[in-house]
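Subject: Structure for you to look at

Hi,

Here is the structure I said I would pass on.

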Amino acid sequence: MPAATMSLMATRSGTDSLDRLDRAHLVHGFGSPAVTGAEGTLRLVRGKGAYVWDSEGRRYLDGLSSLWNVAVGHGRPEIARAVAAQTRALAYAPTLLGFSTEPAIRLAARLARLAPKGLSHVMFTSGGSESNESVIRLVRLYWRLRGRAEKIGIVALRNAYHGTSSGAASLTGLVGFHRYYEPQMPEVSRIPRPYCYRCELGKTFPSCALACADELEALIAREGAERIGAVIAEPVQGVGGVVVPPPGWFERIRTICDRHEVLLVVDEVITGFGRLGKAFGIQRSKVTPDLLVFAKAVTSGYQPLGGVILHDRVWQTLVDAGPEFILHHGYTYSGHPVACAAALANLDIIEREDLIGEARRKAPYFKRRMESLAALPIVGEVRAVGLMAAVELVQDKAAREPFPADEKVASRVRAAALGRGVILRPGADMIVICPPLIVTREQIDVIVRVLGEAIAEVAQELAKRT
């Protein structure tokens, strides 16, 4: 038997063995265990730039930055070298109990320089869910230290996404994340999101005069300012469908928060580090939050890292508590030196290659190309801002009527795109797109062409059923 044939057989045998082990032992989130067990998974083995390859050698254009996070692209040797060097020097040390490391210190200082003015104190975590768990504790801590222990309520937006750990999932407003896991944390209230395509108040922008923001004022009046401690919102809702607040929305929310002594928390887990053409998405407005949550693109996914940046006035409250007060919060891997070294190398790339500026310059072309899909018969709306977009699918464009859930239209479109070599993400009747910041115009064209073909294919399948 030829050596090449034997090698191929050995590779396939190894692949089959891994597939069996995957189905037998590895739990995969955000999918059906029954389906994963029956059909297996797509096993990725390497990446370079905006592309990844699977175990069969097929190449895919990564139109989701893996999970909204691989901003600088795959296979960056600079980050690999930084990780290796830090591992050799000091693989681990905590930032708890009075210890520190140079990477954690330098990264905290760098993040403070990037953040809106006044946000200069960094609490590290291992990711977005941990960061929002920290927000819940920080809000309670802040108001208790200020003698307002009853201000524990947090207001979140409908269909917001803030993580899947128990507290963070309670902040998340997507119904699917609660169906089997209730009861939620009881101190969470919700207001309509600024979703102009499907306004939850039945109004139209700009004649609505930002009525959805004023719902916060009404909620505070109902529940009492003495019970509301914070409002949390994403600069642009990501998992919820790339919902972009209209101009002035955040400014109105900030004004209401100030009037009623409520902290404003901005969740930048998806939008931070250049996604919207700014270091942080909130910098597209004139608003400064009290707490800013980050994760994902801080390391471009090369290491798990997240955190919360505290405004000076929040930090000062902790300091003013005096030497008897102990901050009983933190995680084993808060400020992990290897993760921080990866983040510093990642931020070096973003700065050296001006990827934030590149995102800002590419955004108009990305938006224009994405909006060309609006002419397709089952596309209701295309929303694009910076380098993130959503294509909302409807069965009736005039009535904006969604497809029945059992049609699984978005998942079918995603599968059709995957078969053509492009990775995208399905949501409830929508496809979301979030390419790496290094994406080229030619790669944007491929994403749009493939998505258009996938939508057209599924539309034809649906038409044959009627």
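One cut-off before the rest: a residue is called buried under 20% relative accessible area and exposed over 50%, with partly exposed in between. Asp445 has a relative accessible area of 26%, so it goes down as partly exposed. Bear in mind that this is a predicted model.

Asp445 is a handy place to start, as its side chain meets that of Arg369 in a salt bridge, at 2.9 Å from N to O. Arg369 belongs to helix 12 and Asp445 to helix 14, so this pair ties together parts that are 76 residues apart in sequence. Arg369 has 23% relative accessibility, so it too counts as partly exposed.

Helix 12 covers residues 355-371 and helix 14 covers residues 441-465; their axes come within 10 Å and cross at roughly 20 degrees. Angles under 35 degrees count as roughly parallel, and helix 12 and helix 14 are therefore roughly parallel to each other. Their crossing is right-handed.

Who touches whom? From helix 12 there are Tyr365, Phe366, Arg369 and Met370, and they meet Arg441, Ile444, Asp445, Val448 and Leu451 of helix 14. Sorted by class, this contact has six nonpolar residues, three charged ones and no polar ones.

The side chains of Arg361 and Glu358 pair up at 2.9 Å, N to O. These two are three residues apart in the helix, so about one helical turn separates them.

How many salt bridges does the structure hold in total? The count is 30. Besides the pairs above, have a look at Arg76, Glu78, Arg352 and Glu353, which are linked in a network of salt bridges.

That's it from me for now.

Cheers

Conventions. Residues are numbered from 1 along each chain as its sequence is written. This is a predicted model: local features need pLDDT of at least 70, side-chain atom pairs count only at pLDDT 80 or more; totals for chains, interfaces and linings use all residues. Side-chain values use heavy atoms; hydrogens and water are left out. Axes are lines fitted to C-alpha atoms, for helices over the stretch in contact, and angles run from 0 to 180 degrees between N-to-C directions. Helices (H or I, at least four residues) and strands (E, at least two) are DSSP runs, numbered from the N terminus. Angles under 35 degrees count as roughly parallel, over 145 as roughly antiparallel, 65 to 115 as roughly perpendicular and the rest as oblique. A crossing is left-handed if the near helix is turned anticlockwise from the far one by less than a right angle, and right-handed if clockwise. Contact means heavy atoms within 4.5 Å. Ala, Val, Leu, Ile, Met, Phe, Trp, Tyr, Cys and Pro count as nonpolar, Asp, Glu, Lys and Arg as charged, and the others, Gly among them, as polar. A salt bridge is a side-chain nitrogen of Lys or Arg within 4 Å of a carboxyl oxygen of Asp or Glu. Buried means under 20% relative accessible area, exposed over 50%, partly exposed in between (1.4 Å probe, protein chains only).
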